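Subject: Handing over the two-chain model

Dear colleague,

I am passing this structure on to you, with the sequence and the coordinates placed just below. Please look at them once before reading on.

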Amino acid sequence: MIRVLLPHHLRSLAGVEKEVTVQVEGSATIRSLLDALEAAYPMLRGTIRDHATKERRPLLRYFAGGEDLSSESVDEPLPPAVADGREPFRIVGAIAGGSTRGEAAG
Amino acid sequence: MSSVRVLVGTRKGVFVLTADGKRKDWKIEGPQFGGLPFYHVKGSPVDPDRIYASQADDWFGQVVHRSDDGGRTWRAVGNEFKYNGEPGKHLWYDGTPHPWEFKRVWHFEPSPTDRDTVYAGVEDAAIFRSADGGVTWHELPGLRSHPSGPQWAPGAGGMCLHTILLDPATPQRLFVAISAAGVFGSQDGGVTWSPKTRGLSSNFLPEPTAEIGHCVHRIARHPSRPNTLFMQKHWDVMRSDDGGESWREVSGDLPSDFGFTIDVHAHEPETIYVVPIKSDSEHYPPEGRLRVYRSRSGGDEWQALTRGLPQSDCYVNVLREAMAIDSLDPCGVYFGTTGGQVYASADGGDNWTALARDLPAVLSVEVQTLA
């Protein structure tokens, strides 16, 4: 079992409490973890990574074991402590406040 | 007794305001989805308890929520809006080619005849249709692949398709409006489209009367007059009496003919409403006075409606989706502001009250008249 911590709005969307667990078949990678997460919670499709390209949405980041894995290959094995459930895989919304898109105008 | 339900999409969630047919005592529920921006929330005319809501932000992208119980509970439905084939390029702000990229749904238009059919107008501009209540979406690609597509350009809010007009009497006939491409009409259910911009003039274009490139902000129509269209353009209030084949300006004596929203009275097809905004550089009401203007002659001659609206120091904006009209008699008129106020008139605009004063910035207002 892999533990996943989702940001507030995605927990609300998925209807879950703070932490979810997913079962990954085969090698535990970011890709297989997200595949399993989206299979268990289909409403999350498109909110973490693009439907078609499967690329991470630009304002989300992946943290685990004190490391930023956002730029790592999604096919690299996850750290052992994440793969065996000792530590969670964290999906975090980047701090990007102060948007100037205050008005949907023009 | 009849009642009304006002659906308010804001920058930080959805609010539902309800009242009986007297429209005096209001109950405000929300926020639902607190903290998340909602560009549009609209119910089905066939089944008013079915409501679609467009959540779109930079973090999590597009989520489409559907309620089947009048907005009490929601579930996420399909959020995959895949352009048909190679998306191609349109013009960017500086006139250079820019790839077509889906960003968000600006507008839902539920079918007036089928509860499971709903259209979505999106940024970058395209129209999608769902026949299963929003679970799956399919583009009507004839619009985006119109030969003029590479000439379309974004307005300040993005290259959004924000107006979709369906005609219950002639279901094959559709109109859409895009900022900043213009108006397009289809006579074959959305397979083929043609520009409907003759008579429009926009000074920001190299050729002001060009067929493509007008920043249309909103189009409204009375159901009894399918050939009469009213438009709030970036500048200019316009009307067409021949189904968009030609347009003429009806700004008349408005204090400013810039604005975003426009709507038509429920029972008087020649009575229309706009909210003048000072300019495209300032985005607030002229003289700091929030006034709805009503014309009972389909334009040209306008009357300021001020009773109950702030007449000093008011610097809010009223966005394109943020006005709606119920079908009671007299009809109620509703609008929301970027300052978080929702104003309502239960007498066709003569007198206004604030239903809410401190909501998040209002992006959309729709009203349902319930039996």
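What follows is an account of what was found in it, chain by chain.

Please keep in mind throughout that this is a predicted model. For the complex, the predictor gives an ipTM of 0.91 and a pTM of 0.96, and the average pLDDT of chain B is 97, with 100% of the residues scoring at least 70.

Chain A

Chain A has 106 residues, of which 25% count as buried. It holds 3 helices and 5 strands, and, read from the N terminus, these elements follow one another as β-α-β-α-β-β-α-β. Among the contacts in chain A with a separation of 6 or more, 55% come from residues 24 or more positions apart.

The 5 strands make an open sheet with mixed pairing, in the order β2-β1-β5-β3-β4 (chain A), and its edges are β2 (19-22) and β4 (67-68) of chain A, each of which pairs on one side only. Within that sheet, strand β1 of chain A, residues 2-5, is joined to β2(A) by 4 bridges in the antiparallel sense, and there R3(A) is placed opposite T21(A). Helix α2 of chain A, which covers residues 30-40, lies across β1, β2, β3 and β5 of chain A, and runs at about 105° to β2(A).

Where the chains touch

On the side of chain B, 23 residues are in contact with 17 residues of chain A. The element of chain B that gives the most to this side is strand β6, residues 61-67, with 3 residues; by class, the side of chain B that touches chain A has 10 nonpolar, 10 polar and 3 charged residues.

That strand also belongs to an open sheet of 4 strands in chain B, with the order β4-β5-β6-β7 and antiparallel pairing. The edge strands there are β4 (38-43) and β7 (75-76) of chain B, and each pairs on one side only. Between β4(B) and strand β5 of chain B, residues 51-57, the antiparallel pairing extends over 5 bridges, with G43(B) standing opposite I51(B).

The hairpin of β19(B) and β20(B) has 3 residues between the strands, and in it D236(B) takes a positive phi near 90°.

The nonpolar core, and two contrasting residues

The largest nonpolar core has 130 residues, and those touching the most other members are V8(B), V176(B), I178(B), Y334(B), V342(B) and V365(B). Strand β15 of chain B, residues 174-179, gives the most to this core, with 5 residues. Leaving aside neighbours within four places in sequence, its contacts include D263(B), H265(B), C331(B) and V367(B). From I325(B) to V367(B) the C-alpha distance is 6.5 Å, although the two are 42 residues apart in sequence.

D188(B), by contrast, is found in the loop between β16 (182-186) and β17 (194-195) of chain B, and counts as exposed because it has 11 C-beta neighbours inside 10 Å. The C-alpha atoms of D188(B) and H107(B), which are 81 residues apart along the chain, are separated by 21 Å.

With kind regards

Methods
Residues numbered from 1 in each chain as written. Chains lettered and ligands numbered in written order. Predicted model: local features only at pLDDT ≥ 70, side-chain atom pairs only at ≥ 80, totals over all residues. Pairing = 2+ DSSP bridges. Helix = DSSP H or I, 4+ residues; strand = E, 2+ residues; numbered from the N terminus. Contact = placed C-beta atoms within 7 Å. Nonpolar A, V, L, I, M, F, W, Y, C, P; charged D, E, K, R; others polar. Axes fitted to C-alpha atoms, helices over the stretch in contact; angles between N-to-C directions. Buried ≥ 20, exposed ≤ 12 C-beta atoms within 10 Å, placed from the backbone. pLDDT = per-residue confidence, 0-100. Core = buried A, V, L, I, M, F, W, Y, C linked by C-beta atoms within 7 Å.
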